[in-house]
Amino acid sequence: MKSIYVKLVLSFIITILLSVVITVVVTTFLSKQKLEMRLGQDMVKMGEDFIDLYGAEDSDKAARFLSNSSFIHFSFIIIDDQHKEKVLGPPGPPIPITPKEVDQVLDGKRYSNLNEEKGDRPQPNVVGLPFKENGRSYALFIQSHPQRQFSVIQDVQNIQLITILLVGIVLFAYVSTIIIKPIKRLSTAMKVVGQGEYNVQVEHAANDEIGLLTKNFNQMTKELNKIETMRQEFIASVSHEIQSPLTSIRGFSAALKDDIVSEDKKIQYLTIIEKESTRLSQLSSNLLKLASLDSEHQTLMLQHYRLDEQIRHVVMALEPQWTKKNIEIDLDLSNVQIEADQDLLEQVWLNLITNAIKYTSEHGFVKISVYLKNEEIFVKVKDNGIGISQEGQKYIFESFYKVDKSRTLKGSGLGLAITKKIVRLHEGAIHVESKSDQGTTFTVRLPIQKNRTKKDSSV
């Protein structure tokens, strides 16, 4: 398979060769036309000046001088009214004229074959001028032979074009090497990425198309590296979340086999096993929910219902949790109707309110507001809990991310990831405002009615 470098050089050579052929044809044709037009004028002027010299002793020397010193070889022939020829200067080939054409010049008419079709090969150019000497009529024919000039011009053109071709190939090969070098670096980097190493960056300072390609490649590898890091963290988090309850279940199950364990201890151990089993079940359920929301075939079961009533019902269901911590619940719920998937949105409010209660200290408060603005529904869940750092807010909606790094507060870290996916599935948005130790406010924005022209599929 040919490399792009070879293809570029071959393309350049073919282009140059075509340009050379076209240039030779065009320049030869134009130079010939231009030469003949100028030559005709010069030959007439030369003939008129030469007639003034005719009869002088040095006229033959003048003709010889003009013929030998000129870039083009000329033949000077005098024909009298008896059709007798006299060649002045060095002799040349026979003049391609007929007796009839000679008679026309002797009768006082000028002759020229410059505008006649001469075929592909260069032909002599002939100009005939009438004049009288001592009462007799004469015809002066000047014949030019442009073969030498055309040959010299073509030789010069060929040398120029060959030089252009050779210099162009060398320069283009050098420039191509410079152009190909960053592409080769990109190709090498892509092979590294293909092997699973995403921490790769390619340098290219030029602000051109290759520079833009390199910039996009570097951005891609950054995102891939970020995704790979998240994947590894995801696996580590899943492993930890599964291993922790399994260790407890395994340990307490082994203890129950011991006959010396009291009845009270057995009940305590069985209670722990039950809680850890529930925790595993919840983790499995959340993972399935997350996978379902990522699926392109996720379908919303839309229905009209009172959103404020749904949130009020969720708050009542969580009453044991907030009453246990003596948390004050402040509800500011407007009467709002919405068309949405009731079960999925209930999961959103459960996740947000549960988190607010979990991360709020005893005797704290949680305020929940629902209101309409610009044909959209806004739901705010505000608490005065531990808050979230600025750095943490970047990853709060990522799977298995936990605000409490010490893991003193139980949780899988999947709730907000599920929440965001459900909100986006409803064509809404979720936003967080928080400061460490100063509380957190989650704002969910939803359309009153989902746009039915869009597919209810992926997030």
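Leaving aside its neighbours within four places in sequence, which residues is Leu307 in contact with? With contact meaning heavy atoms within 4.5 Å, Leu307 meets Val336, Ile338, Trp349, Val370, Ile377 and Val379. The model is predicted, so that local features need pLDDT of at least 70 and side-chain atom pairs count only at pLDDT 80 or more, while totals for chains, interfaces and linings use all residues. Residues are numbered from 1 along each chain as its sequence is written, and side-chain values use heavy atoms, with hydrogens and water left out.

**Nonpolar cores**

- A nonpolar core is a set of buried Ala, Val, Leu, Ile, Met, Phe, Trp, Tyr and Cys residues joined through side-chain atoms within 4.5 Å, where buried means under 20% relative accessible area, exposed over 50%, and partly exposed in between (1.4 Å probe, protein chains only).
- The largest such core has 44 residues, and those with the most contacts inside it are Leu307, Ile311, Leu345, Trp349, Leu352 and Ile353.
- Helix 9 (residues 342-358) supplies the largest share of this core, 8 residues; helices (H or I, at least four residues) and strands (E, at least two) are DSSP runs, numbered from the N terminus.
- A second, separate core of 15 residues includes Ile51, Phe131, Tyr138 and Ile142.

**Strand 8 and its pairing**

- Strand 8 (residues 337-341) has 4 of its 5 residues buried, so it is largely enclosed by the rest of the structure.
- Strand 6 (residues 302-306) pairs with strand 8 in the antiparallel sense over 5 bridges, given that two strands pair if DSSP finds at least two bridges between them.
- Within this pairing, Ala340 in strand 8 is the bridge partner of Gln303.

**Two buried aspartates**

- Asp80 is placed in strand 1 (residues 73-80), and at 10% relative accessibility it counts as buried.
- The side chain of Asp80 reaches the backbone nitrogen of Gln82 at 2.9 Å, a polar contact being a pair of N or O atoms within 3.5 Å, where within protein one must be able to donate a hydrogen and the other to accept it, and where residues adjacent in sequence count only if both atoms are side-chain atoms.
- Apart from neighbours within four places in sequence, Asp80 is in contact with Leu106, Arg136, Ser137 and Tyr138, and Tyr138 is included in the second core.
- Asp383, in strand 10 (residues 376-383), is buried yet has no salt bridge, the nearest side chain of opposite charge being Lys382 at 9.4 Å; for charge, Lys and Arg count as positive and Asp and Glu as negative, while His and the chain ends are not counted.
- The backbone nitrogen of Gly385 is reached by the side chain of Asp383 at 2.8 Å.
- Not counting residues up to four places away in sequence, Asp383 touches Ala356, Thr360, Phe365, Val366, Gly439 and Thr440.

**Salt bridges**

- A search of the whole structure finds 7 salt bridges, each defined as a side-chain nitrogen of Lys or Arg within 4 Å of a carboxyl oxygen of Asp or Glu.
- Asp81 and Arg136 meet through their side chains in a salt bridge (2.8 Å, N to O).
- Because Asp81 lies in the loop between strand 1 and strand 2 (85-88) and Arg136 in strand 5 (residues 136-145), the pair ties together parts that are 55 residues apart in sequence.
- Asp81 is partly exposed with a relative accessible area of 34%, and Arg136 is also partly exposed, at 32% relative accessibility.
- In helix 7 (residues 307-317), where Asp308 and Arg312 lie 4 residues apart, about one turn of the helix, the two form a salt bridge whose closest N and O atoms are 4.0 Å apart.
- Asp308 is buried, with a relative accessible area of 2%, whereas Arg312 counts as partly exposed at 30% relative accessibility.
- Glu309, partly exposed at 38% relative accessibility, meets Arg312 in a salt bridge between side chains (3.4 Å, N to O).
- Salt bridges that share partners join Arg306, Asp308, Glu309 and Arg312 into one network.

**Leu186 in helix 4**

- Leu186 lies in helix 4 (residues 147-194) and counts as buried at 3% relative accessibility.
- Leu186 and Phe217 are 31 residues apart in sequence and 8.1 Å apart in space, C-alpha to C-alpha.
- Beyond residues up to four places away in sequence, Leu186 touches Val202, Leu213, Thr214 and Phe217.
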